[in-house]
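Open the model in your viewer and keep the sequence panel beside it. The stops below are meant to be selected one after another.

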Amino acid sequence: MILIHCPYCDETLPELEFAYAGEAHIARPLDPSGLSDEDWERYLFIRANPRGRHNERWRHVHGCGRFFNAVRDTVTDKFELTYKAGEPRK
Amino acid sequence: MSAYRLDGMGRVNRGAPVNFTFDGKSYQGFAGDSLASALLANGVSLFGRSFKYHRPRGLLGAGAEEPNALVSVDRGGGRYTPNLRAPAVELYEGLNARSQNRWPSLQTDFGSINDRLGRFFPAGFYNKTFMWPRSFWEKLYEPSIRRMAGLGDAPTEADPDTYSACYAYCDVLIVGAGPAGIDAALEACAARKHVILIDENDELGGGALADPALAAWLETSLRDLANAPNVTLLRRTTALGYYHDNFIGAVERLTDHLAQPGHGAREQLWRIRAGEVVLAQGAIERPLVFEGNDVPGVMLASAARTYLFRFGVAVGRNVAVMAVHDSGWKDALAMAKAGVRIAAIIDLRETVAAALVDEAKALGIRTELGSAVIGVAGRQAVKGIEVSRADGSMRQKLACDAVLMAGGWTPSVHLWSHSLGKLAWSDDWGAYLPDVPNENCRCVGACGGKWSFGSGLNIGALPSPRDPATFKAFVDFQNDVTAKDIALAVREGMKSVEHIKRYTTNGMATDQGKTSNLNALQLASSALDRPVQAIGLTTFRPPYTPQTFGALAGHAKDALFQPVRKTGIDPWAEEHGAVFELVAQWRRARYFPKAGEDMHAAVNRECLAVREGVGIFDASTLGKIEVVGPDAAEFLNRMYTNPWKQLEPGRCRYGLLLREDGFITDDGVSARMAPDRFHLTTTTGGAARVLNMMEDYLQTEWPDLNVWLTSTTEQYAVIALQGPKARDVIAPLVAGIDLSPEAFPHMAVREGTICGVPTRLFRVSFTGELGFEINVPAAYGRHVWEAVWAAGQAHGITPYGTETMHVLRAEKGFIIVGQDTDGTVTPFDAGLDWAVGKKKPDFVGKRSMARPDIVASGRKQLVGLLTDDPSVVLEEGAQIVLDPNQPVPMKMVGHVTSSYWSATLGRSIAMALVAGGFDRMGETIYVPMPGKTLTAKVVKPMFYDAEGSRLNG
């Protein structure tokens with residue numbers, strides 16, 4: 001069972017307390033109606049799915065309830081670091 | 001084979017005899033014996049029949065690696081466990097064990113005909129033979145194969161035992177309490193670390209238990225560890241898996257070794273998080289591959305050594321040793337010095353360390369260098385062997401009653417591999433050794449390649465003058481894979497070890513190839529003429545040895561399988577004879593049958609009671625979220641499809657929630673309690689999902705909004721009172737609220753008291769009747785319910801359950817998200833475009849409603865269905881076609897989502913998703929069912945009181 005560091009609680013805790021929430025740094029467009037079908041499709045469905053370093057969102061759902069971002073290696077399943085939502089991509 | 005107990009040898013307690021039975025026959029052993037050692041001591045050599053060929057099999061090993069001697073232990077009362085390894089079964093008074101995979105008896109087994117037909121069962125024979133006709137597979141092939149090939153029988157009774165689980169934390173976790181593990185524990189203990197030392201055996205000591213020279217050291221060391229406050233010793237505990245971040249799963253067996261299982265848990269699952277993991281799992285000796293290497297009495301040299309020095313059992317009276325490794329000589333010499341007669345030591349090597357040869361000669365042991373065993377006489381027990389020089393010359397027969405194999409050592413890297421630690425090939429060991437760790441982990445002793453057993457040869461199979469295609473030399477004993485199977489797999493094009501494994505099933509038995517993987521690799525390497533490293537190694541996966549489902553399930557079975565959520569009113573429902581169903585994790589009253597009523601009769605009565613009088617329904621499970629803050633209305637406006645900003649305090653609105661892809665995900669009626677406060681409701685099953693989704697948008701997309709979300713699902717009991725007499729029932733109970741239709745219209749909310757309890761009283765209806773939903777603090781739920789119940793007696797109040805609720809809402813065409821929608825239904829598809837705020841610039845899912853696929857024609861749309869025969873109730877989920885005469889497979893255009901008998905209407909009603917359904921009003925559609933085709937007309941999904949006049953009572 002992976003240990004995950006919650007940047008809000010500043011505690012490293014078992015993954016049972018957390019829920020995965022998809023790729024990080026995909027901001028909802030400010031004016032969705034102004035987007036072309038292709039751009040909207042890109043926002044909705046297209047994801048990086050990298051082999052290796054992946055910026056992704058987690059929620060400390062059974063803790064503080066906050067969403068935060070993490071860098072996890074999809075090959076080794078190791079967390080490189082976690083950081084607060086709103087901080088720039090790391 | 002004629003094994004016997006030697007006086008004065010071993011650690012068993014000769015003063016404590018233990019009686020047990022095997023296949024119904026009584027035997028006696030001693031306290032400290034395993035089932036294997038006790039049977040051996042009684043001269044038993046035949047332990048089981050093999051998986052595929054039903055060949056007689058005896059013991060190969062003395063520990064976790066044992067592939068052959070699998071037994072079933074029946075303790076009575078449902079306590080039955082198949083496929084236990086006899087060396088791992090501790091003896092206790094009254095133990096009742098049975099052999100497996102034989103009929104009618106172990107000695108006479110009709111299935112052994114498979115052995116004679118062996119040429120019809122080569123590697124991959126399942127894939128080749130049973131391909132055609134396909135229909136024969138399920139009825140004929142598979143049952144026959146299952147009957148003939150197999151392990152023990154599955155239990156037929158429910159397991160009466162309980163299982164527990166715990167978490168543990170330590171600085172250093174050591175797996176394996178052999179000399180290396182004990183040394184590591186002593187060292188960590190001295191460093192004041194918190195240590196857990198676990199071992200799968202009943203006695204700690206590992207290899208030291210079979211080495212009298214280490215007995216004194218072992219006793220002192222174990223006493224020191226047992227007395228140390230910072231050390232936890234766990235015996236009978238198998239580390240089954242090594243998971244991320246030094247998390248180890250282990251199962252401790254608590255009662256299987258006791259004559260009386262008692263009342264406590266049978267096993268305990270340990271979940272251990274360790275700062276450092278030290279693996280001291282040791283190494284497993286490799287068998288040698290030659291004709292007859294599976295005859296009972298042919299076993300590992302190290303196993304024979306263990307049986308002698310730990311249990312005081314000599315495995316034979318005249319023991320031959322076939323070695324390609326020095327360790328075989330050492331075992332033979334130690335056994336000879338202890339009084340066991342060694343018939344000969346045969347070694348494939350031309351030269352062996354002079355010290356070993358000289359000592360053998362000094363002990364009068366015959367040695368045959370540069371030679372190999374090429375055959376074994378005897379079927380159910382070894383009677384002798386045939387030996388030749390490596391080139392096939394000088395064939396000679398030799399009498400013996402046991403053959404010991406010393407094929408070198410395979411470090412037990414199973415847990416290391418679970419942790420994704422890297423392995424490196426070692427020519428010295430002829431095996432893979434731990435290399436680069438992936439966790440804070442190190443290997444000590446033999447499992448790390450840091451223990452010297454001497455040197456030896458790395459070979460796949462012993463040479464034989466006979467054509468290898470004409471005999472069976474076993475590689476994987478448990479799955480009956482022979483050397484020629486490996487050769488065949490290579491001949492048929494398998495190059496990777498993963499393919500060879502799956503084609504031959506080598507290493508796929510319950511022992512995961514503990515004794516077979518390396519020999520198979522060497523054979524494949526020779527056949528392919530490529531180095532072993534180029535062929536790879538199959539991946540070890542948890543569990544290290546088979547574990548019970550009970551240990552893994554723990555408390556999570558039967559009533560505790562998952563938590564059951566109950567409302568405060570639930571006990572009342574139970575007292576009044578409700579039949580319950582599970583909705584998400586909630587237990588909800590489905591209907592309240594009176595004496596003699598079935599569900600149909602009860603639901604009909606409940607439906608009519610609501611339509612004609614008044615019904616009471618526990619709606620407490622509705623998801624509830626309190627949305628508070630100056631931006632609350634703005635937030636809801638962005639989340640829901642409909643406009644919220646203009647909603648006045650005291651009013652309610654039906655809210656429709658989409659995902660960003662435009663599909664309906666939830667709905668519910670919500671109320672504005674104050675300018676900055678909303679009381680949201682969600683579906684029962686969607687509460688957590690909706691809150692998570694709202695938190696996501698609030699935290700990550702719109703953190704500038706000043707809004708707080710709080711789950712209040714369990715804070716309120718909700719009593720739905722529905723029917724024309726609803727107002728009359730609550731009128732005397734309510735204070736501070738004007739209930740008149742003018743002051744309190746449909747879709748309004750008021751705060752006041754009911755029976756003195758503060759309430760948020762909603763005037764809403766999921767039935768189409770005049771209705772109220774009484775929200776009170778959960779602790780008062782039953783009190784208010786009973787007060788309403790009492791007040792309703794004069795009005796014929798009737799309790800109803802979820803089934804009636806479903807029928808009543810379907811009569812009105814109200815959808816249930818997740819039943820009438822399936823995650824691909826838009827508001828337009830569901831006929832809910834009236835609930836979409838067309839003028840809103842944005843809300844979650846709005847842009848997607850203009851996606852090309854969603855504006856395309858031919859989408860499935862929610863319609864009503866009326867069967868031509870009003871007495872026929874369609875099956876929910878039934879498929880719909882337009883032309884019943886088309887050939888199969890037919891083009892399906894939709895399915896029935898909701899279907900009920902409506903007592904109110906005196907006929908059946910249904911809702912369905914049908915392609916282009918809105919344009920098919922009045923058309924006939926067809927529902928093919930087994931043996932008949934039903935017909936129905938497409939109608940609007942509104943079957944009762946279309947104008948809504950009944951809402952006003």
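The tour goes from chain A to its interface with chain B, and then into chain B.

**Before you start**

This is a predicted model, in which local features need pLDDT of at least 70 and side-chain atom pairs count only at pLDDT 80 or more, while totals for chains, interfaces and linings use all residues. Residues are numbered from 1 along each chain as its sequence is written, chains are lettered from A and ligands numbered from 1 in the order in which they are written, and side-chain values use heavy atoms, with hydrogens and water left out.

**Stop 1: chain A**

Select chain A and colour it by secondary structure. There are 1 helix and 6 strands, in the order β-β-β-α-β-β-β from the N terminus. Helices (H or I, at least four residues) and strands (E, at least two) are DSSP runs, numbered from the N terminus. Along the principal axes, the C-alpha atoms of chain A fill a box of roughly 40 × 30 × 20 Å. Chain A has 90 residues, and 37% of them count as buried. Here buried means under 20% relative accessible area, exposed over 50%, and partly exposed in between (1.4 Å probe, protein chains only). Contact means heavy atoms within 4.5 Å. Of the contacts in chain A between residues at least 6 apart in sequence, 47% join residues at least 24 apart.

**Stop 2: the interface**

Now show both chains and select the residues at their boundary. Contacts link 25 residues of chain A with 29 residues of chain B. The two chains bury about 2200 Å² between them, with 46% of it on carbon and sulfur atoms. Buried area is the accessible area (1.4 Å probe) that two parts lose on being put together, summed over both. On the chain A side, pick Met1(A), Arg28(A) and Phe67(A): these lose the most area to chain B, together 31% of what that side buries.

Between chain A and chain B, 17 residue pairs are in polar contact (both at pLDDT 80 or more). A polar contact is a pair of N or O atoms within 3.5 Å; within protein, one must be able to donate a hydrogen and the other to accept it, and residues adjacent in sequence count only if both atoms are side-chain atoms. The elements giving two or more residues to the side of chain A that touches chain B are α1 (37-45) and β4 (53-59) of chain A. Of the elements, α1(A) gives the most, with 5 residues. That side of chain A divides into 14 nonpolar, 4 polar and 7 charged residues.

**Stop 3: salt bridges between the chains**

How many salt bridges cross the interface of chain A and chain B? The rule finds 4, a salt bridge being a side-chain nitrogen of Lys or Arg within 4 Å of a carboxyl oxygen of Asp or Glu. Select Asp37(A) and Arg847(B), whose closest N and O atoms are 2.6 Å apart in a salt bridge. Then select Arg28(A) and Asp842(B), another salt bridge, at 2.8 Å from N to O. This pair runs from the loop between β3 (19-23) and α1 of chain A to the loop between α22 (802-811) and α23 (852-855) of chain B. Arg28(A) counts as buried, at 7% relative accessibility.

**Stop 4: salt bridges within chain B**

Move to Arg79(B) and Asp161(B), which form a salt bridge of 2.9 Å, N to O. Arg79(B) is in the loop between β6 (70-74) and β7 (80-85) and Asp161(B) in the loop between α4 (135-148) and β9 (163-175), so the pair ties together parts of chain B that are 82 residues apart in sequence. Asp161(B) is buried, with a relative accessible area of 5%, whereas Arg79(B) is partly exposed at 21%.

**Stop 5: a strand residue and the core**

Select Glu386(B), in strand β22 (residues 384-389) of chain B. Glu386(B) counts as buried, at 14% relative accessibility, and its side chain makes a polar contact of 3.1 Å with that of Arg395(B).

Finish with the largest nonpolar core, which has 90 residues; Leu35(B), Tyr307(B), Met322(B), Ile342(B) and Ile385(B) touch the most other members. A nonpolar core is a set of buried Ala, Val, Leu, Ile, Met, Phe, Trp, Tyr and Cys residues joined through side-chain atoms within 4.5 Å. Apart from this core lies another, of 55 residues, among them Val175(B), Trp409(B), Ala473(B) and Ala524(B).

Technical notes:
Nonpolar A, V, L, I, M, F, W, Y, C, P; charged D, E, K, R; others polar.
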